[in-house]
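Reader: I am new to this structure, and I would like to learn how to read its features one at a time. Could you take me through them with care?

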Amino acid sequence: MNYLAILGRQPEISIAELKAILEEKWYLKEYHQNVLLAKISGEKSSSVLPVEISKLGGTLKLAIELAEKPLDFLRNLPDGKITLGVSDYSKNASRKTAIIEALKLKKILTRHGRSVRVVENKEAVLSTATSLHNGLSGKNERKIELIKVNDNWYKVIGIQDIDAYSKRDQARPARDAKVGMLPPKLAQILINLCGPLKPNARILDPFCGTGVVLQEALLMGYHVYGTDINSRMIEYSEKNLKFFNFNNYKLEVGDAISYKWAEKIDAVACEGYLGKPMSTIPLEIKLKTEKQECSTIILGFLKNLYTQIEPNTPVTIACPAWLRKDGSYSRLEILDEIENMGYNVNNKSREGLLYHRDGQIVARDIIILRKK
Ligand SMILES: C[S@@+](CC[C@H](N)C(=O)[O-])C[C@H]1O[C@@H](n2cnc3c(N)ncnc32)[C@H](O)[C@@H]1O
């Protein structure tokens, strides 16, 4: 079966996430810009994509290729009114090309006695919010979003629940502007970048702050272990995890550079120390001190961790990178040292794995490691 993943704002990160969790029998082919085709490679053509959209931080929509022509598919739907949205992800698509397709389908279906409501496009593709709020996520068999990419047609089977993310983000009782708020989506991405983990794997976040990684890992069904040098942060994590009714977690105050974690660790996913919050582009001298401090903490942590994990244990860390005047980002130069410690760095070129909004001063530079 062929699937289609519509990727988020930063497609390189979404692709890395999908690649990390899909087994090797799946291969990914990029269409263009932010449309990704995830396709099974051969022998087991009936295989079902082994991921749920609710656990993918970087994918906006998942769709499955239609086995028949769109009209035949729609005509065979159970009786009752059909709600139809059409998104045209072809390269030269416009709002008009999508609407024409939708109205063409509606016209023929109406002629065959079916009642159809077309969801209006503002652009060639329906936004995640429009798809979601019109119930086109594949749960209702007569509320359909069809996706066209050139001559191929797909049916949406999952839409990222942007409302659920906002709720999770905003409902948390303990927040701290100074440590920044890791978006839950990015927490999921960091966890998924560890690769496929066994269902009850224990994930460590040694810089757990207010606990976003822990919360998302618990929601994904993992065991979690959070530590932080600041006891106030541990109180915050405790409060937040309790708020979500979790009670199966371990939280301790500890310096990541020297702490001895008491449990076996199967994976590490974290946002490391990002330095001081900044609202303007830092001067070279300030940048130098910030970089020095962050590098010392992150390298110190990795050195300490090394003796406490098994070979092949995955470690993903969001490190800071600072905006320069020319719009590029200045990253920590720590990868050679990390390799020398005995880790494999998966994404050494790292070009794409920089998570940020336009103009954001401190971006998150994701590094993916595995103990050799
Ligand atoms: C960017 S914040 C992480 C925020 C977190 N992702 C959250 O969900 O709130 C970095 C955290 O690292 C902690 N930290 C800084 N130095 C540390 C160290 N040496 N060991 C452990 N934690 C440290 C800080 O207290 C802070 O909570």
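The dialogue below goes from the overall fold to the domains and then to the ligand.

Author: This is a predicted model, in which local features need pLDDT of at least 70 and side-chain atom pairs count only at pLDDT 80 or more, while totals for chains, interfaces and linings use all residues. Residues are numbered from 1 along each chain as its sequence is written.

Reader: How many helices and strands are there in the protein?

Author: Helices (H or I, at least four residues) and strands (E, at least two) are DSSP runs, numbered from the N terminus. The protein has 10 helices and 17 strands.

Reader: What share of the residues counts as buried?

Author: A residue is buried if 20 or more other C-beta atoms, placed from the backbone, lie within 10 Å of its own. By that count, 40% of the 372 residues of the protein are buried.

Reader: Which domains does the assignment give?

Author: Domain bounds come from an automatic or database domain assignment, and here they are domain 1 (2–159) and domain 2 (164–371). Their C-alpha centres lie 33 Å apart. Two residues are in contact if their C-beta atoms, placed from the backbone, lie within 7 Å, and 12 residues of domain 1 are in contact with 12 residues of domain 2.

Reader: Which residues come nearest to the ligand?

Author: A residue is near a molecule if its C-beta atom, placed from the backbone, lies within 6 Å of it. There are 21 residues around the ligand, and Phe207, Gly209, Thr210, Val212 and Ala256 come nearest.

Definitions and conventions
Buried ≥ 20, exposed ≤ 12 C-beta atoms within 10 Å, placed from the backbone.
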